[in-house]
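Hi,

Here is the structure I promised to pass on to you. Have a look at it first, and then read my notes below.

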Amino acid sequence: MWLQKMPFIVKLLLYVIVFLFLSLFIIVALSLMFEPETEEISGWVYTVGFVLSLVISVAGGINIENNGLHRIREQAVAMKSNIKVIGGRIENILLQLDPVVERQMKHEEDVYLKVSRNDSKKYRHLRSLGEVKASLSAYPTLRSDETVMKLFSQIVKEYEDLAQAKMAYNAYAAQYNSGVKSFPVCLLRSVKKEPLLDYYEDPTDEQII
């Protein structure tokens, strides 16, 4: 994973250094194997050494970066799963909070969420942090209820965790999508098409503050 985080120019320089050292090693090895008594190294040894070094450097780089990208993709998938889990916890808290808020508001003359009595049915269940905040703002007496405020604190914490999970997933997706397009992985991708990760976009996202 550390290789994907490097700037392209640094990564390219690293590959060049590896290529040169590997070429030197292979050329010396070939010379000792096939021309142990010759003082000058033949041209074919240089050619074979450079070609082998290039193939090994590119293949090794693709393998290392591809494995790193695979781990990044797995982390992104795990983070997306966490988003669903947190969403389920939020729904559970809303289900607990909804009847408590409704009971507290039965004695109020105003209708739930400040709508007409005929339209109140569509709002009878809390569906988001925004509606919880609207309820607390419209009915200050709710703030004196310990159960309501405890559940409110829990749901705010869950929305904070949800926002962090979404940002983490998008960060992994950006790193993965950038990595599969970079050299030398792009050489493999031209043969084996790997789908990019979709960014997490939710138009119903809540503002925590």
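Let me begin with the nonpolar surface patch: its largest share, four residues, comes from α2. Helices here are DSSP runs (H or I, at least four residues), numbered from the N terminus. The patch covers about 590 Å² and is made by Met33, Phe34, Trp44, Val48, Leu52 and Ile56. Both α1 (8-34) and α2 supply at least two of its residues. To join such a patch, a residue needs over 30% relative accessible area and no salt bridge, and nonpolar side chains are linked within 5 Å. A salt bridge is a side-chain nitrogen of Lys or Arg within 4 Å of a carboxyl oxygen of Asp or Glu. Areas come from the Shrake-Rupley method with a 1.4 Å probe.

Please keep in mind that this is a predicted model: local features need pLDDT of at least 70, side-chain atom pairs count only at pLDDT 80 or more, and totals for chains, interfaces and linings use all residues. Residues are numbered from 1 along each chain, and side-chain values use heavy atoms, leaving out hydrogens and water.

Two residues of helix α2 (residues 43-105) are worth a look. Leu52 is partly exposed at 38% relative accessible area, while Ser57 is buried at 11% (buried is under 20%, exposed over 50%, partly exposed in between). Ser57 also contacts Tyr15, Val18, Phe19 and Leu22, leaving aside neighbours within four places in sequence; contact means heavy atoms within 4.5 Å.

Finally, find Tyr172 in helix α4 (residues 146-180). Tyr172 and Val77 are 95 residues apart in sequence, yet 9.2 Å apart in space, C-alpha to C-alpha.

Happy exploring!

How values were computed: Buried < 20%, exposed > 50% of the residue type's maximum accessible area, 1.4 Å probe, protein only. Patch = residues over 30% accessible without salt bridge, like charges linked within 9 Å, V, L, I, M, F, W, Y side chains within 5 Å.
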